[in-house]
Amino acid sequence: MNEELRKLIESLQRTQDYRPAYLSKGKEWMICYYVTHPVRGVRVRKKEMLNHIRDRAERLRFARRRIRELNIALALGWSPFDPGRDMRGAKPLAKAFEEFLKAKERERIRPDSMRSYTSMVGILREWASRNGLGAIGVGEFSSSHARRFMQDSYIDRELSPRSFNNYHTFYVTLWNWLREHGYLRENVFHGIKKKRLDPDGSQRRSPSMHERAQIRAYLERENPRFFAFCLLCFHCGIRPKEAFMLKPEHFSIPGRFILVPGSVAKNHRTQGVAIPEVMVPNLEGLRLEGQSPEHYVFSTGFEPGPKLCCSRDSGRAWTRMRQAIGLAKEVTMYQLKHAGGEQLSRDGVGEVDLMNHLRHHDLSETSTYTRRTYKMGVRDVLKKASRF
């Protein structure tokens, strides 16, 4: 070992339990580090031989990566004499996150959930890279890093308290997975408090009667098919994801009902939904009889087609409409189903009928549970629903 390398090693941080790993080049290349023996109480040298990697450039690259992993693991308390602990905490953030996503793919979770997981992981990876933390081991990501990330996200991304809490829930879940799989010993997101939500739920709200008139006037003129799509949410309580999966066979306009199959419904129950008289002209305007029975009623651009779209597509269309008419940001498409339920209640639809029309499991989320299925929808809705 040359003198320059020896001085470098001497300058490295020493602790009571270990001395950092270094590369020794000679006839035999090896990585060396010292750790305290748990019984003898003295430091002993551990070696990892490298000459089995024949290409010298590749050997050097491997040695640098391995030394970094070893030094992170040693700093986190790992010891080769402790078989109960492994070195997963030394893995870079990006690698640990990649293994998390692959595990979720193997679990075959819903595509929407997988897309959300990938997006949230990407947000944290981008923040870490921007703040010089892209190469750190997952075990080095501390509670102070977690607090900074959440605070930066809240400010830079202009998160609402509800969105902040959704971020918090995901990252707690992610870190729980990492802890359960041996990457780290504590969840650094647990100590972060959620934001307090306004008791009146003002972070999101339903459109007022005046705003509904604005929406109707704009969409009837600019995008009548998207307006029909919105009416399915408002009048029928059909979620955007469900609406995109509907085909002509699911509509019975003469019978005034839409049959939402279990393969489409969020609750996996086949159930009929009544079509109010006030929206029949909008559905007739879709000209379902003239489209291919194999195509979705709402595909690209809300026209019939073979491509299955998702709630992100309807969200973008809603945002374009909202910006065009100057609608408040807190009026979201997500609230259309809630707004329609409120309107049906004002129109005199009974609570049990309303519960079944909206395909809820219980009354006001706390009341009597029912399993009744209405194959032709709740007939009381046909006459009582008023205009959007």
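Cys-233 first. Its sulfur lies 6.3 Å from the closest cysteine sulfur, which belongs to Cys-230, and that is too far for a bond. A disulfide here needs two cysteine sulfur atoms within 2.5 Å. Keep in mind that this is a predicted model. A search of the whole structure gives 0 disulfides. Cys-310 is in no disulfide either: the nearest cysteine sulfur is that of Cys-309, 7.1 Å away.

Are these two cysteines buried or exposed? Cys-233 has 2% relative accessibility and counts as buried. Cys-310, with a relative accessible area of 14%, is buried as well. The cut-off for buried is under 20% relative accessible area.

Now to the helix that holds Cys-233. Helix H8 covers residues 224-236, and Cys-233 is one of its buried residues. Of the 13 residues in H8, 12 are buried, so the helix is largely enclosed by the rest of the structure. The buried set runs through Arg-225, Phe-226, Phe-227, Ala-228, Phe-229, Cys-230, Leu-231, Leu-232, Cys-233, Phe-234, His-235 and Cys-236. So Cys-230, whose sulfur is the closest to that of Cys-233, is buried in H8 too.

On the geometry of H8: at 1.5 Å a residue, its 13 residues should span 18 Å, and the end C-alpha atoms are 17 Å apart, which agrees. Just after the helix comes Gly-237, with a positive phi of about 65°.

How does H8 sit against helix H11? H11 is residues 311-325. For two packed helices, one gives the angle between the axes and the distance between them. Here the axes come within 12 Å and cross at roughly 115°. H8 and H11 are therefore roughly perpendicular to each other; angles of 65 to 115 degrees count as such. The crossing of H8 past H11 is left-handed.

Next, the strands. An open sheet is made of 3 strands in the order S1-S2-S3, paired antiparallel. S1 and S3 are the edge strands, each pairing on one side only. From one strand to the next, the twist averages 20°.

Taking the pairs in turn, S1 is residues 18-24, and S2 is residues 30-36. They pair in the antiparallel sense over 5 bridges, and a hairpin of 5 residues joins S1 to S2. Which residues face each other across this pair? Ser-24 stands opposite Met-30 in S2, and Arg-19 has Tyr-34 in S2 as its bridge partner.

To recap the cysteines: the search found 0 disulfides, Cys-233 is buried at 2%, and Cys-310 is buried at 14%. Their nearest cysteine sulfurs are those of Cys-230 at 6.3 Å and Cys-309 at 7.1 Å. That is it from me.

Notes: Residues numbered from 1 in each chain as written. Predicted model: local features only at pLDDT ≥ 70, side-chain atom pairs only at ≥ 80, totals over all residues. Heavy atoms only, no water. Buried < 20%, exposed > 50% of the residue type's maximum accessible area, 1.4 Å probe, protein only. Helix = DSSP H or I, 4+ residues; strand = E, 2+ residues; numbered from the N terminus. Pairing = 2+ DSSP bridges. Expected span 1.5 Å × (residues − 1). Axes fitted to C-alpha atoms, helices over the stretch in contact; angles between N-to-C directions. Parallel < 35°, antiparallel > 145°, perpendicular 65-115°, else oblique. Left-handed = near helix turned anticlockwise from the far one by under 90°.
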